[in-house]
Amino acid sequence: MGQRRRGRAGYLRRRDLAGWLFVAPVLIFSVIFFLGPLLFAIVLSLHQWDMISPVTQMTWVGFLHYVRLLQDPLFRLILRNTFAYTLGSLVFIPPLSLGIAFLLNARVRLQWLWRTLYFTPVVTSTVALSIVWTHLFDQNFGPINALLGDLHLPLQPWLSSPTEAMLVVISLSVWQSLGYYAIIFLAGLQGIPQELYEAGSLDGAGQWAQFRSITLPLLRTTTLFVIVIITINALQVFVPIFVITNGGPVDTTDVVVLKMYDVAFNYLQMGTASAMAMILFLIVLICTLIQFRLARTDN
Amino acid sequence: MNPSLARAGSPGRRPTNVRRVLRRAAIYTLLIVGAVPMAFPFYYVIASSLMTPDELIQIPITWWPHHPQWQTYANVWTVIPFARMFVNSLFVTLAITLGILLTSSLAGFGFAKYHFKGRDVAFLALLSSMMVPFFVLLIPIYYIIKELGWLDTYQGLIVPNIVTAFGVFLLRQFILTIPDELIDAARIDGARELRIYWSIILPLIRPALSALGIFAFIYQWENFLWPLLILQNPSMFTVPIGLNSLRSYADTQQNANLLMAGSVLAIVPSVIVFLLLQRQFVRGISLGGLKG
């Protein structure tokens, strides 16, 4: 009683020490594995280094990497690919997962069945799924083309076509994430008080009107959250592209993190790779800021 | 409660039976229609894993093997040291999960229930530094691990992953809701700080711990990029890396059955964990999702 505020100074200080000790492991860890590496990465992006010669002998190049990268047509293509993938994800995932959330929100039987069906993809290994996708869309033997053939639709080149290869990779991302964002939207939907809809019905508002004036506005924070997370994740995509196309055909699905991995660990150009990472990091920050701003001005 | 059950048109009238039935039919239809593409890849990977090489390259396509080749599953274990990889994955994933639970709960407790000077600054700094995406840090962290001689080791796989911003944030939120009186009462009874953490805090945040644990497990099980960077020795491979290496053994459509069987085996553990702990998992997402 009363020891929390004006208590004896010695006791208070011992408790403060306990507090510091509880958070110390995480703080120390973050200095070693987050703060330190962040600073190192920034410094590295201004140097040339192959990680074989001693770190003290890195060559200073200033902003050379940045200038070179931003002028390089290949890197620009890679940036465009990354944006295309992100855009594709943003176009398909939110509406579809919101739709699924609506369906799940209705009092349907067999909730466990729908949850399992829509959610197992989320917990499934992306590497395994990427391998399956590669075979699903196999031009000659894959079931997708087989289905198209059965429906007398033209067979598609899928992974050998630049546009379609990107669509294949996006489809994996969409398929795998629907359940996850559906749950998030579901939580958002269930946070909307039922009285609002009842009042809306009494006023004669129809289905669609209720959706537009009650549901959507109240889902705004949830939607913003979903969009931001999709964007951040999509900009850093690696596994599906590494496994399914490895950047092909001819660099048309190559994305920043994949190229960065290649440049760093196959060509040992740590400085360039770090500069790539910094550019992407900046893009992630800017995208997130823009999305938060847009959400604010809408209000 | 469902907004889409409310009726369009005349105010205050309950939906007629016909409308209600149609609505439910529509909902179920959509759910089923949507479920088909969701289930299709799973069906395909299982079916292909049981086909013969001839069936795999057959045109028109074989939709289900005539004689399921169960021995393919046995073969996978011999083509690559898959059993070893499972052990590696299990050990590493469990170690990381425990580490995350421990570090997140300790830090969450410290940030929630202690009021030392600089606490809020430290919390903010911590959170911002941990929000930096991994790809930015991967070269420096690789270098650190390399200099420590931890390439191709368990500690190299485990240590860089044992702290997450999400975990600290989530558990701090949870611990904030624990009444201070409980803690004060324990202190009056003479309990030391660590004992308060262990006997009072931990049991009270069990739901959050299990949700966080499940998340961590499933995420770390399929972690690919980091093991890809630091592992060269096949006997240290984790399952995702092993599966990736299987691709070079089964690089044509004809021996895709091996690859598919490997994929099924890789998928099974996460699915089991999810099915057993569905409720906590879903709850964990809503918690994390809304807190942002």
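Biologist: Which hand does the crossing of α1(B) and α14(B) have?

Modeller: In this predicted model, α1(B) and α14(B) cross in a left-handed way.

Biologist: What makes α14(B) largely enclosed by the rest of the structure?

Modeller: A residue is buried if 20 or more other C-beta atoms lie within 10 Å of its own. In α14(B), 15 of the 21 residues are buried, so the helix is largely enclosed.

Biologist: How does the reach of α14(B) compare with what is expected at 1.5 Å a residue?

Modeller: Helix α14 of chain B, residues 256-276, reaches 30 Å from its first C-alpha to its last, close to the expected 30 Å.

Biologist: Where does α14(B) bend?

Modeller: The bend, about 30°, is at V268(B). A proline, P269(B), follows within four residues.

Biologist: Turning to chain A, what makes α3(A) oblique to α7(A)?

Modeller: Helix α3 (residues 73-105) and helix α7 (residues 162-190) of chain A pack at an angle of about 40°, with axes 6 Å apart. Roughly parallel would need an angle under 35 degrees, and roughly perpendicular starts at 65. The value lies between these cut-offs, so α3(A) is oblique to α7(A). The crossing is right-handed. By class, the contact has 20 nonpolar, 7 polar and no charged residues.

Biologist: Why does H152(A) count as exposed?

Modeller: The cut-off for exposed is 12 or fewer C-beta neighbours. H152(A) has 6 inside 10 Å, so this residue counts as exposed. H152(A) sits in the loop between α6 (143-150) and α7 of chain A, and its phi is near 55°, a positive value in a residue other than glycine.

Biologist: Why is D251(A) called partly exposed?

Modeller: Partly exposed lies between the 12 or fewer of exposed and the 20 or more of buried. D251(A) has 14 C-beta neighbours inside 10 Å and therefore counts as partly exposed. D251(A) is in the loop between α11 and α12 of chain A, with a positive phi near 65°.

Biologist: What kind of peptide bond joins G248(A) and P249(A)?

Modeller: That bond is cis, with omega about -10°. P249(A) lies in the loop between α11 (239-244) and α12 (256-265) of chain A. Most peptide bonds are trans.

Notes: Residues numbered from 1 in each chain as written. Chains lettered and ligands numbered in written order. Predicted model: local features only at pLDDT ≥ 70, side-chain atom pairs only at ≥ 80, totals over all residues. Helix = DSSP H or I, 4+ residues; strand = E, 2+ residues; numbered from the N terminus. Expected span 1.5 Å × (residues − 1). Bend = angle between axes of the 7 residues up to and from the residue. Axes fitted to C-alpha atoms, helices over the stretch in contact; angles between N-to-C directions. Parallel < 35°, antiparallel > 145°, perpendicular 65-115°, else oblique. Left-handed = near helix turned anticlockwise from the far one by under 90°. Nonpolar A, V, L, I, M, F, W, Y, C, P; charged D, E, K, R; others polar.
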